[in-house]
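Hi,

Here is the structure I said I would pass on.

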Amino acid sequence: MSSRSPNKLARIGLAGAALLALGACDREERDTSRQPKPETISLASSDPRAKEYENSSFHISQGQRYYSWMNCSGCHALAGGGGMGPPLSDDEWRYGGRMEDIVQTILKGRPNGMPAFEGRITEQQAWQLAAFVRSLSAQPRQDVLPGRSDDISNAEPQTLEERRPQQSESNTTLPSAEKD
Amino acid sequence: MRHALVIRSKVALLAFLLLACPGSQAVGQGNGARAPAAASPPDDGQWTMAAKDYASTRFSALGEINRANVSRLKLAFSFDTQNRRGHEAAPLVVGSMMYIITPYPNHVWALDLARGGRLVWVFRPRPKPASQGVACCDVVNRGGTYSNGNIYFATLDGDVFAIRASNGHQVWRTSVADINKGETVTMAPLVAEGKVLVGNSGGEFGVRGWLTALDAASGKLAWRAYSTGPDADVLIGPQFKPFYAMDRGKDLGVKSWPPEAWKTGGGTTWGWISYDPATRTLFQGTGNAGPWNPHQRPGDNKWTSGVFARDIATGQARWFYQSSPHDHFDHDDINESILLDMPVGGRMRQVLVRPGRNGYMYVIDRGTGQVLSADPYGFINSAKGVDLKTGRLIPVEEKVPQEGRVTRNICPAAPGAKDWNPSAFSPRTGLLYVPHLNLCMDMGVIEANYIAGTPYLGAEVKMYAGPGGHRGVLTAWDPVRRKAAWEIREDLPLWSGALATAGDLVFYGTMDGRFKAVDGRTGKLLWQEQLESGIIGQPITYRGPDGRQYVAILSGVGGWAGAIVSGQLDPGDPTSALGFVNAMRDLPGKTKAGGRLYVFALPQ
């Protein structure tokens, strides 16, 4: 009996440690070491405001709120996967993917159905929105990404999301997988 | 010997179960249900409206292609529509001509069937490109209607056209919708008694739903009936005699909403209209209430998610029945109404049969609006049933979406147990062939802001396969016995319409591009052909100029269910396409975008 109890204790200890470890899995972690994804075409902005907004956790968080409040998510989906509007999570930009292009798109609208938000939001809010939109395709630094959104959400927080392959990559993977 | 036979029949039964899951043994001689003659005249071999006839049977009396020979069906010709979005339309056949209406930009192709489908003319209406941004679920069009020498159809941006069927020349054009408010038109207009009936889409944009009647000769407005607001706007007057107390009272279209909310309350008419010439009554379903978040609109939200019977001459309402009062789940009630005369409780009744989005098969007296029965035809855990005394759907409280959390496992999901894609009824079997869905969802709601021309939802949805893991079902429903005769489970959601023929065949297509013919009595698969792109269109059949029977279908995946392919959406975001993408991640590996008409016939 007595010879078995340390064993038992050890087992309890192990189980406890395992439980602790499992519990730790629930904690939200962010990997700040990841690098921004390379851009297939240069989207470097000449506008000095671009860096200011894109490197600011506050601005991106604000952009995330407006993304929901201004009904952007209704067309482009919570994580930018698209729907009535095109996806924002890939590297295809119909009207340009630089910060100032996105700001223009938001404020002035585009002919194939993107409405103009000028007069409904300020220019600063548009820059904040654009910074969030860029974050949907993992362009900003990982350590400035917002955590959870203000509201309940059916989508993962950006900090937990696996970065999705770029559109161009996913296009090549499907047919080759079929050949295998 | 006898033992062996039993075993063999058991094996056969098992094989049969695997093929089709029959609820009961094959139904033989029908059940006394038939479409009223006035709404379903003798077949002339043409296909002049999407639903085939005013009773919306989608049944053809042609029987040259039948159970015995369908396995020999071969491609007769095909035609590239030059469009790669979701093709939901039914082709039209008038005389020796066929007409196809494409998704945006809504080209009309006229093909000569006497010359192997050769192009005769094309009409390009040039709708406003911005309309693409306010189309909720791909830029689809569900077809046109032929009447009195003209083809009638509507463009996505809300212009109704009459063009000469012979040469494609425009007769008139009337703008009925405003895309700046989020209104579009995707439905196939119905033409009856010299009126073109057309309704708006935009239930996801907080538009105010309406049905409009235009004069077929001139295009001038005859009447417009709104689905929300004061009685005068809804065309509710002295003729209005709803069966249930819940629908009686003055200006319920205002009073069953918070102040002003009816102005952005939805109730669009984007689905199917049936018409009973004997009583000059049209039957029109209304769409979901807006926004999706139900907590922003306490009340019954009249007259959304229900069905109106209206006098076609004036638009005046005769009765209304609301299948989903205070809609919780985007359960539009725009699905097809099949007009049938059939025995109910021992006597013949004139009814509407409606496979509802909320999962119940409604049998409604078409004279009074009384619900005679409402039986589940799919898996439902969001409602306990329909109270036939009050007419009310009985919701399950724990499935009502709440603000501040995600409600899990709501069945059926937002597109319902069945969406827009229409059923077919065969008088020979007495069965209604219902192509539908088996999807559930997680739904969270948040406060939505109304901004004209942007989505008005306040909901986050994620869909997935329901119990059993299959996402589509073709159910052969016996409306008299009130149960399924058999069903076929399909892996992908069924988003195509069904066609029934006197050859006792049922045709439908799958989203991975298989066009199928099954035995109308047993559900046994008799023929299938792999097409270039997934099928979400409406199959039709007709007698060609050479006297032979042909079957036609448009392939071209898309629509709400197929937007992941037609719109190249990101499968990594579960909420893409209002949450449908989560259930469709495998689709891009199973089909590709396309747009082609296929016409099949028996070899000569």
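In chain A, 64% of the contacts between residues at least 6 apart in sequence join residues at least 24 apart. Bear in mind that this is a predicted model. Chain A has 7 helices and 0 strands, so you can read its elements from the N terminus as α-α-α-α-α-α-α. Of its 180 residues, 44% are buried.

Chain B is built from 4 helices and 39 strands. Buried residues account for 68% of the 604 residues there. For contacts in chain B between residues at least 6 apart in sequence, 63% join residues at least 24 apart.

On confidence, chain B has a mean pLDDT of 95, with 95% of its residues at 70 or more. The part to treat with care is residues 1-28 of chain B, where pLDDT stays under 50. The model still gives that stretch 31 contacts beyond four places in sequence.

Now the interface. Chain B and chain A bury about 2,600 Å² between them, and 56% of that is on carbon and sulfur atoms. Chain B puts 40 residues into the contact and chain A puts in 33 residues. How many salt bridges are there between chain B and chain A? The count is 0. Polar contacts do turn up, with 14 residue pairs between the two chains, both residues at pLDDT 80 or more. On the side of chain B that touches chain A, strand 26 (406-410), strand 29 (439-445) and strand 30 (459-465) each supply at least two residues. Strand 29 of chain B gives the most, with 4 residues. Sorted by class, that side of chain B has 19 nonpolar, 13 polar and 8 charged residues.

Over all chains, the structure holds 44 salt bridges. Here are some to click on:

- Asp47(A) and Arg49(A) meet through their side chains at 3.0 Å, N to O. Asp47(A) is buried, with a relative accessible area of 16%, whereas Arg49(A) is partly exposed at 32%.
- Arg357(B) bridges to Asp332(B), with the closest N and O atoms 3.1 Å apart. This pair links distant parts of the chain, 25 residues apart: Arg357(B) is in the loop between strand 21 (347-355) and strand 22 (360-365) of chain B, and Asp332(B) is in the loop between strand 19 (317-322) and strand 20 (338-344). Both residues are buried.
- Asp504(B) and Arg521(B) form a salt bridge at 3.0 Å, N to O. Asp504(B) lies in the loop between strand 33 (499-501) and strand 34 (505-509) of chain B, and Arg521(B), 17 residues apart from it, in the loop between strand 35 (514-519) and strand 36 (525-530). Asp504(B) is buried at 5% relative accessible area, and Arg521(B) is buried at 14%.
- Asp247(B), Asp300(B), Lys302(B) and Arg392(B) are joined into one network by salt bridges that share partners.

Is Ser373(B) buried or exposed? Its relative accessibility is 4%, so Ser373(B) counts as buried. Ser373(B) sits in strand 23 (residues 371-376) and, beyond its neighbours within four places in sequence, contacts Met361(B), Tyr362(B), Val363(B), Leu388(B) and Arg482(B). Ala222(B), in strand 15 (residues 221-226), is partly exposed at 39% relative accessible area. Leaving out residues up to four places away in sequence, Ala222(B) touches Lys195(B), Ala213(B) and Leu214(B).

Cheers

Methods:
Residues numbered from 1 in each chain as written. Chains lettered and ligands numbered in written order. Heavy atoms only, no water. pLDDT = per-residue confidence, 0-100. Contact = heavy atoms within 4.5 Å. Buried area = accessible area lost by both parts, 1.4 Å probe. Salt bridge = Lys/Arg side-chain N within 4 Å of Asp/Glu carboxyl O. Polar contact = N/O pair within 3.5 Å; in protein donor to acceptor, adjacent residues only side chain to side chain. Nonpolar A, V, L, I, M, F, W, Y, C, P; charged D, E, K, R; others polar. Buried < 20%, exposed > 50% of the residue type's maximum accessible area, 1.4 Å probe, protein only.
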